[in-house]
Amino acid sequence: MGFFLETLFGGLMVGMLYSLIALGFVLIYKASGVFNFAQGAMVLFAALAMARFAEWYPKWFGFDNLVVANILAFITAMAIMVVVAWLIERLALSKLVNQEHITLLMATLGITYFLDGLGQTLFGNDIYKIDVGMPKDPMILFENVFDGGVMISKEDLIAAGVSALLVVVLSIFFQKTATGRALRAVADDHQAAQSIGIPLNRIWVIVWSVAGFAALVAGIIWGSKLGVQFSLSLVALKALPVVILGGLTSVPGAIIGGLLIGVGEKLSEIYLGPMLGGGIEIWFAYVLALGFLLVRPQGLFGEKIIDRV
């Protein structure tokens, strides 16, 4: 039971990180109807900016304080992501209003490759380290209950806590603030929102900026765990099955979907991997998403669309 709980907790903590990335997909889709394939590239680009500026600032200004370097790098990376959001809206989205979904999808694919290339040009293509002071050593819980206790990674625990806090803050933002209500109004009906004076351009910049902030936090956490490398954008794409499972329009669905996939991956790899030859963690999420597409295409919490002829 102790080993099972270790696996379960590990899956829940990884699932929270998946949920954090999936939120970027959900936020943009809710506000603009765009399925943003560029979210993984945004995670990578933000993590690269954070890692490189945290390295450059001490050299440029001659100080050796890790906390100050990380704070300055975070502010700079966030400013860059806001500029990226503004440019995406100004140069791409505003030109494609009311276009076919496939057109918008191809636009986000183009943005993906552009950000990947721009990241390499500006920041290099080595593996970089993000050190935000998260402890790497594990801790042992429930030693008096289970033989050997339950080993939990402090880094994963902190990362899951930060992810959960951000999810709560974003949920409150959407439900309780005037801007959040405007975002939901735009998501429901673009033309109706415009008719009551809600500016679509400003709303889209805000939602892409919020998605950029979520990408930055996710990039920092994953970069701290794995190092900032270009395979990070592939890790971020694990959020695609999460939004399919939870529903493209549901913030709670992104959370629940991430937790289910995180736990399912870990448990299946540990308990089914030896029988099936391993590697289940790589494809489990996508097979589960395929099953949901066949049975419930709108996901667990997505809106079921009924067309009347």
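E55 is partly exposed in the predicted model, because its relative accessible area is 32% and the partly exposed class lies between buried (under 20%) and exposed (over 50%), as computed with a 1.4 Å probe on protein chains only. Residues are numbered from 1 along each chain as its sequence is written. Because the model is predicted, local features require pLDDT of at least 70 and side-chain atom pairs count only at pLDDT 80 or more, whereas totals for chains, interfaces and linings use all residues; side-chain values use heavy atoms, with hydrogens and water left out.

The structure contains 2 salt bridges, a salt bridge being a side-chain nitrogen of Lys or Arg within 4 Å of a carboxyl oxygen of Asp or Glu. In one of them, R52 pairs with E55, and the closest N and O atoms are 2.7 Å apart. Both R52 and E55 belong to helix 2 (residues 39-61), where 3 residues, about one turn of the helix, separate them. Helices are DSSP runs of H or I with at least four residues, and are numbered from the N terminus. A salt bridge also joins the side chains of K59 and E55, with an N to O distance of 3.4 Å. K59 and E55 are separated by about one helical turn, because they are 4 residues apart in helix 2.

R52 counts as buried because its relative accessibility is 12%. K59, by contrast, is exposed, as its relative accessible area is 60%.

Another arginine, R202, is located in helix 8 (residues 200-226). R202 counts as partly exposed because its relative accessibility is 46%. R202 and E89 lie 113 residues apart in sequence, and their C-alpha atoms are 8.9 Å apart in space.

S268 is part of helix 11 (residues 251-271). With a relative accessible area of 5%, S268 is buried. A polar atom of the S268 side chain lies 3.0 Å from the backbone oxygen of E265. When residues up to four places away in sequence are not counted, S268 touches G273, I280 and F284, where contact means heavy atoms within 4.5 Å.

Notes. Helices (H or I, at least four residues) and strands (E, at least two) are DSSP runs, numbered from the N terminus. A polar contact is a pair of N or O atoms within 3.5 Å; within protein, one must be able to donate a hydrogen and the other to accept it, and residues adjacent in sequence count only if both atoms are side-chain atoms.
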